[in-house]
Amino acid sequence: MTNEPIYLHLKPGADPTDISACSPYVAIVMIEDDVTPEWRATISRWLVDTGCLYMIAWGQECALWDDVVDWCQLEKYDFGDYPEDSFLPSCWFEDYTLEEVFEFAKVHVAHPTVELRHTVLLHISACRNDDAILRAYADA
């Protein structure tokens, strides 16, 4: 992975930008505001379609994000077999600090067949907080 993470802020309900140039990447999805189930599905599908090959969810309803990303990945391949290089592990951290999540990502995250080129810090919140999040990631 690259040393410098990519911070991406999304307000709940906002349209995501194309980040497929980051593919393949690990996404750390930090959910700090309520979202609709429809928007969660849209963003999960977007993660799958833009080359996320490892997803870590943290924050509000993070277990739901883990489930929806898994379903979107299965749906992409019509719930059948998919190539090994398209395997998308996902996990969620409900009772952990963000620093613990960042440390886990730095130490333990790896794809079994693909080198993950980037780390995308997807911050879902009404307000951006790139300086604090990037500093916390660097310090982890």
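Which elements do the buried residues of α1 pack against? I began with that question and noted the ground rules before answering.

**Entry 1: ground rules.** I am working on a predicted model, where local features need pLDDT of at least 70, side-chain atom pairs count only at pLDDT 80 or more, and totals for chains, interfaces and linings use all residues. Residues are numbered from 1 along each chain as its sequence is written, and side-chain values use heavy atoms, with hydrogens and water left out.

**Entry 2: helix α1.** I took helices (H or I, at least four residues) and strands (E, at least two) as DSSP runs, numbered from the N terminus. The buried residues of α1 pack against β1 (6-10), β2 (25-31), β3 (52-59), α2 and β5 (118-124). I listed those buried residues as Trp-39, Arg-40, Ala-41, Ile-43, Ser-44, Trp-46, Leu-47 and Val-48. Buried means under 20% relative accessible area, exposed over 50%, and partly exposed in between (1.4 Å probe, protein chains only).

I then checked the length of α1 (residues 37-49): its 13 residues should span 18 Å at 1.5 Å a residue, and the end C-alpha atoms are 18 Å apart, which agrees. The expected span is 1.5 Å times one less than the number of residues. Gly-51, which follows α1, has a positive phi near 105°.

**Entry 3: salt bridges.** I required a side-chain nitrogen of Lys or Arg within 4 Å of a carboxyl oxygen of Asp or Glu. The structure holds three such salt bridges.

- Glu-61 pairs with Arg-40, with the closest N and O atoms 2.7 Å apart. This pair links distant parts of the chain, from the loop between β3 and α2 (Glu-61) to helix α1 (Arg-40), 21 residues apart. Glu-61 is partly exposed at 44%, whereas Arg-40 is buried at 6%.
- Arg-45 pairs with Glu-75 at 3.8 Å between the closest N and O atoms. Helix α1 holds Arg-45 and helix α2 holds Glu-75, 30 residues apart. Arg-45 is partly exposed at 36%, and Glu-75 is partly exposed at 41%.
- Asp-130 pairs with Arg-128, the closest N and O atoms being 3.5 Å apart. Asp-130 counts as partly exposed at 24%.

Definitions and conventions
Contact = heavy atoms within 4.5 Å.
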